Amino acid sequence: MSASEHRTFQVSGVVQGVFYRQSTYTEACRLGLTGCVRNNKDGTVTIEAEGPAAALDALEAWCRQGPPAARVEQVVVSTGSVQGYQEFAIQRG
């Protein structure tokens, strides 16, 4: 098994109200990642994901496009300590 890494993706643009969180959940699960996705009050979306580097790279590439109705302007990626998430979840309000 590949070593897990932790990455946080801060996504800006038209990314709320366009199924970005649900689509992220679907893609992260498809890639076998754990973590969470949430909307922020400033209109951005934050994704915290853990898993193998190749899967995180694939999620980053997906984030830069997002679902069809999204208009992604920027994705800022940072790394951090592995939190040990057990699943991928959508966080609400």
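Before anything else, the cut-off I'm using: a residue is buried if its relative accessible area is under 20%, and exposed if over 50%. Also noting that this is a predicted model.

Entry: Thr24. I looked up where Thr24 sits, and it is in helix α1, residues 20-30. Its relative accessible area comes out at 0%, so I'm calling Thr24 buried. Skipping residues up to four places away in sequence, I get touches from Thr24 to Val37, Ile47, Trp62 and Phe88.

Entry: Ala28. Ala28 is also a residue of helix α1. Buried or exposed, I asked, for Ala28? Buried, because its relative accessible area is 0%. Leaving out neighbours within four places, Ala28 contacts Leu33, Leu59 and Phe88.

Entry: I traced an open sheet of 5 strands with mixed pairing, in the order β4-β1-β3-β2-β5. The edges are β4 and β5 (88-91), each of which pairs on one side only. On average, neighbouring strands here are turned by 15° against each other, ignoring direction. Zooming in on one pair, β2 (residues 34-39) runs antiparallel to β3 over 6 bridges. In that region I found Arg38 standing opposite Thr46 of β3.

Entry: helices on the sheet. I followed α1 and found that it lies across β1, β2, β3, β4 and β5, at about 175° to β5. Helix α2 packs on the sheet too, touching β1, β3 and β4, and its direction makes about 5° with that of β1.

Entry: α2 up close. Which residues of α2 (53-63) are buried? My list reads Ala55, Leu56, Leu59, Glu60, Trp62 and Cys63. Viewed down the axis of α2, these buried residues fall within an arc of 160°, so they line one face of the helix. As for partners, the buried residues of α2 pack against β1 (5-14), α1, β3 (45-51) and β4 (71-80).

Entry: Ala69. Last stop was the loop between α2 and β4, where I found Ala69. Ala69 has 45% relative accessibility, so I logged it as partly exposed. From Ala69 to Val14 I get 8.2 Å, C-alpha to C-alpha, though the two are 55 residues apart in sequence.

Terms used: Residues numbered from 1 in each chain as written. Predicted model: local features only at pLDDT ≥ 70, side-chain atom pairs only at ≥ 80, totals over all residues. Heavy atoms only, no water. Helix = DSSP H or I, 4+ residues; strand = E, 2+ residues; numbered from the N terminus. Buried < 20%, exposed > 50% of the residue type's maximum accessible area, 1.4 Å probe, protein only. Contact = heavy atoms within 4.5 Å. Arc of directions from axis to C-beta. Pairing = 2+ DSSP bridges. Axes fitted to C-alpha atoms, helices over the stretch in contact; angles between N-to-C directions.
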